[in-house]
Amino acid sequence: MKRKSKLINLKSAIQYSTLFGTLIFSAYSQAKIADKRDEVKYRTSFGKCPSRAAGTLTLQLMKNFELNGSMKDLKVKILKEKLAEKHFISSYKIKYDPLKKFLQFNFDCPEPLMKVQIYKSNGLESYEAILVENGQLFDPTYEVLLRSEKKLSYDLPFLALPVGEMEEEVQEQITRLVRDMDLKFRKKLSEVIVNENKELTMILSIKGHPSSVFMGPEQWEDKVQKLRKIVSYMEGNKKIPAIINLTNPKKVVVKFK
């Protein structure tokens, strides 16, 4: 009887051990499935942004969201740490679907217009920046990233200003002027110069030949419209002007070499 009792106890112990092991495995499997279900998936739309910059920002934001699970914290982080500016983002939208546990990032970046040399207040030190379509000045790295991903395929014109910090009013005028040009004409721009009297001069490169365009201190938008017609006419007749003088809006002077 004692021997039989021992066998029954041993059998019970084995069954209990097997059942306990099964429960542990089952709990572990369910935990794994739950972890998988808790994973937040995401998708990013880069817009006109360099994918390297927008992708780095996405990973930063995903890491923050996985830790906090808060959209509010995400938006505070972007504003507080100026992450949009650091990654060249001009606009962004972030949506979260809690049922699908899915984050959607939509980024966009501005089009680069010109390279500009900015002088500091002492007039001796300077730094280069990229003027973009929303009027902001970006670090030159922005151009490098766009070129590396073949999102910028033409040379940017230079903006030359008198020594001193760029005035906001002039910056806005130049930005609007170049931004509103169609890309075909903008590609002809080689240099844009504003002198101390705020007179505008443009250097065009037409079929590899330079043309100097004198615009004077005012009515730049109207003069650019005239300039486009003049250049189109001259190209059609295979003539490249050396100088186009538009300082007087009522009189256009064109000189050839």
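Strands β5 and β6 (residues 137–138) are joined by two bridges and run antiparallel. Pairing is assigned where DSSP finds at least two bridges between two strands, and strands (E, at least two residues) and helices (H or I, at least four residues) are DSSP runs numbered from the N terminus. The model is predicted, so that local features require pLDDT of at least 70 and side-chain atom pairs count only at pLDDT 80 or more, whereas totals for chains, interfaces and linings use all residues. Residues are numbered from 1 along each chain as its sequence is written, and side-chain values use heavy atoms, with hydrogens and water left out.

Most residues other than glycine have a negative phi. K198, in the loop between β8 and β9, has a positive phi near 60°. Its relative accessible area of 35% makes K198 partly exposed, where buried means under 20%, exposed over 50% and partly exposed in between (1.4 Å probe, protein chains only). Q219, in the loop between β10 and α8, has a positive phi of about 55°. Q219 is likewise partly exposed, at 39% relative accessibility.

An open sheet of three strands shows mixed pairing in the order β1-β3-β2. Because β1 (41–45) and β2 (91–97) stand at the edges with a single partner strand each, one side of each is left without a neighbour in the sheet. Neighbouring strands of this sheet are turned against each other by 10° on average, direction ignored; axes are lines fitted to C-alpha atoms, for helices over the stretch in contact, and angles run from 0 to 180 degrees between N-to-C directions. Strands β1 and β3 (residues 102–108) run parallel and are joined by five bridges. In this sheet, K41 stands opposite F102 of β3.

Two helices lie across the sheet. Helix α2 (residues 51–68) lies across β1, β2 and β3 and runs at about 145° to β3. Helix α3 (residues 71–80) lies across β2 and β3, at about 165° to β2. The axes of α2 and α3 come within 9 Å and cross at roughly 140°. This angle makes α2 oblique to α3, given that angles under 35 degrees count as roughly parallel, over 145 as roughly antiparallel, 65 to 115 as roughly perpendicular and the rest as oblique. The crossing of α2 past α3 is right-handed; a crossing is right-handed if the near helix is turned clockwise from the far one by less than a right angle, and left-handed if anticlockwise. Q60, L61, N64, F65 and N68 of α2 make the contact with M71, D73, L74, K77 and I78 of α3, contact meaning heavy atoms within 4.5 Å.

A further helix pair is formed by α6 and α8, whose axes come within 10 Å and cross at roughly 25°. These two helices are therefore roughly parallel to each other, and α6 passes α8 in a right-handed crossing. In this pair, Q173, I174, R176 and L177 of α6 meet W220, E221 and V224 of α8.

The largest nonpolar core comprises 31 residues, of which I174, L200, M202 and L227 touch the most other members. A nonpolar core is a set of buried Ala, Val, Leu, Ile, Met, Phe, Trp, Tyr and Cys residues joined through side-chain atoms within 4.5 Å. At least two residues of this core are supplied by each of several elements, among them α6 (168–179), β9 (200–206) and α8 (220–236). Helix α8 provides the largest share, six residues. Apart from its neighbours within four places in sequence, L227 contacts F185, M202, L204, V213, I244 and L246. A second, separate core of 28 residues includes A53, I94, L103 and F138.

A lysine is also found in a buried position. K115, in strand β4, is buried with a relative accessible area of 18%. Leaving aside neighbours within four places in sequence, K115 is in contact with E128, A129, I130, E143, L156, P157, F158 and L159.
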